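Open the model in your viewer and get ready to click along.

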Amino acid sequence: MTLAIRNALIFDGTGSEPSVGDVLIDADRIGAVGGVGPADEEIDGTGLAVAPGFIDVHTHDDFAALFHRDMTFKSRGGVTTCIVGNCGFGAAPWDAASVMAQSIHPKAEMPRYDGYAGYLAALEANPPGVNIGVLAGHGTIRMAVMGTERRAPTDVEMAEMHEIVVEALDAGVLGLSTGLIYEPGRHAQTEEIIELTSALQGTTALYASHMRNEAEDLLAAVRETIRIGAETGVPVQISHHKATGRANWGLVRESLALIDDARASGQVVNADQYPYTAGSTLLRAVMQNKMFDDEDGADGVVVASCAARPEWEGRSIADLAAEWEVEPVAAARRVVDEDGSTFVVIHSMCEPDVELVMAHPSTMVGSDGLPTLDARPHPRLYNTFARVLGLYSRERGVLSMAEAVRRMTGYSADTFGLVDRGYVRRGGFADLVVFDPAGVIDQGTFDDPNQYPIGIQHVFVNGVEVVRDDVPTGALPGRALRRVDT
Ligand code: ZN
Ligand code: CU
C-alpha cells in the first residue's frame, strides 16, 4: 500500500529552506522524496506543506496514552510522538505512579503492570494513536522508595532507587526526569540526582529537569542542572525554560548565556519551551513554593481543573478569595484542601522572554500539556505547535518556518535519540503532517481552551493516517519507542 503526497512544500526537518515536491509513503516508511512515480492513493498537496510529524518532547501523557488511546488532542495538533514522564512524574513503579495518574484522570481505572518494562508492554498491547517515548520519573521513584521523607536517602534507599532507574533503562527509557518543585522530588539534594543520573552513563539517555526554581533563583537552578550534566557526562534538558514572576522577567537573557557557556565547553545542554506567557501546574506546588502571596499574583492564578469542585474551574484565586472574604493564600489553601489535585493556570511570564528563549538555538518545542480533558486545561495541550508555526514564526518572524519545524522534529528526534524519525527522508518512518503554512494557527483561549488548531489537514503515524481532512480516523498505529544505544 503506497500513498503519494503530491506537489507540497517539503520541510524536511533539517532547517534548510523548503522545496516543492512529492513524498511517497510505502507501508510504515517514507519510500521516496522529490519526484515520485504512481501510487495506490494520492493527496494533492498543492499550496500545502509537508513536514515530519511533530515531536512533543514535554508531555504528561503517560496515562492518557492508556486511557484516551486515540490521542486526538495531540494528533489534531500535528503531533505524532509524545515524550512522557516529564517533571519527575513517571509511569512506574505502579503504586506511586497510580497516585499521580489519579490527579490527572480522577475517573480512570489504571491497568496493572510491572515496572517500566510492563508500562512499555502495556502500550504495545493496546497501542495509542501516536508514538510514545518514555522518561523515568525521579519523583515517582523516590515516592516508591522513600514516600515523602524530607531527607537524603540512606545507602539502602539509594541502592533501591538506583535499581529502579536501571530497570527503566533496561526497558528502553530515553532518560530520567526530575521535578524539583514537586513532592517528593524537591527533597532531593543535587548529590542524589547526580548519583542516579550516573546510571545513564554509557547510554544515549538524557537527564531532563523541571528545575528547583524558575523565579528569582533561576540562575542557580540552571547552574545546578548544568553541574549534574557536567559531573555525569549525561546530556541535559532544561524543561519549559522560562523566568516566572514580574520581578524576574529578563533573567532568561542570563540563563541562556549559562547554556551558551556550557555548550561552548562541549557539554550537551538543551531546553524545551511552550509558546505562552502562562504556565500551568498543581496549585499545591504553587503554595509549597510560595509562588504567589499577594493580591496581584492571585489574580493571575486561575483554576484549570478541580474534579471535586468543577464549578471553580475558570475562576481566579483572587476572585474566590473575594467571594469568600478571605486572603488569597487562605482561598488557595481551601481549594487545595478540597482537592489536592487541583491544577491552575498561572499568568506569570512576558512576551519578550518567550521570544528570546524561542529564538535561542538550544530550544525545542514541548507543550507541557496536562491532559485533564474534562476540565479547562491550558490551551497549550492542543495548540502548542500550531502557535509556534502560525504566531511566532509566520506572524512575528521569531524563527523562520523551516527552523521552527526543525525545533519540533529533527532537532527533537536527535536530542531524544529517536531513530529514523524527525526528518522527511527516504527510509525513515512515515510520521508526517500536512499543513497550510499560510493559515496554520492556534485556537482556544484560557476561558475556552478545548479547541483544536486550524490548518492541520493530514497526519500520518508510521504510515497510517490518524487525521484526514481535519477529521480523526480512529486509527491506533502508535508505537512504544525504546532507546537504541549506539
Ligand atoms: Zn514541569
Ligand atoms: Cu511538565
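Start by selecting the copper ion (ligand 2): its protein donors are His58 (NE2), His60 (NE2), Cys87 (SG) and Asp368 (OD), lying 2.1 to 2.3 Å from it. Donors here are N, O and S atoms within 2.8 Å of the metal (3.2 Å for Na, K and Ca), and water is not among the atoms, so sites may look incomplete. This is a predicted model, where local features need pLDDT of at least 70, side-chain atom pairs count only at pLDDT 80 or more, and totals for chains, interfaces and linings use all residues. Residues are numbered from 1 along each chain as its sequence is written, chains are lettered from A and ligands numbered from 1 in the order in which they are written, and side-chain values use heavy atoms, with hydrogens and water left out.

Along the chain, the copper donors follow the spacing H-x1-H-x26-C-x280-D. Next, find His60 in the loop between strand E6 (54-56) and helix H1 (64-67), and Cys87 in the loop between strand E7 (79-84) and helix H3 (94-104), 27 residues apart. Helices (H or I, at least four residues) and strands (E, at least two) are DSSP runs, numbered from the N terminus. Both His60 and Cys87 are buried (under 20% relative accessible area, 1.4 Å probe, protein chains only).

Which residue coordinates both metal ions? Keep Cys87 selected: Cys87 coordinates both the copper ion and the zinc ion (ligand 1), which are 2.9 Å apart.

Now move to the zinc ion (ligand 1), coordinated by Cys87 (SG), His210 (ND1) and His240 (NE2) at 2.1 to 2.2 Å. The spacing of these zinc donors in sequence is C-x122-H-x29-H. Finish at His240, in the loop between strand E11 (236-238) and helix H9 (252-264), 153 residues apart from Cys87. Like Cys87, His240 is buried.

Terms used: Buried means under 20% relative accessible area, exposed over 50%, partly exposed in between (1.4 Å probe, protein chains only).
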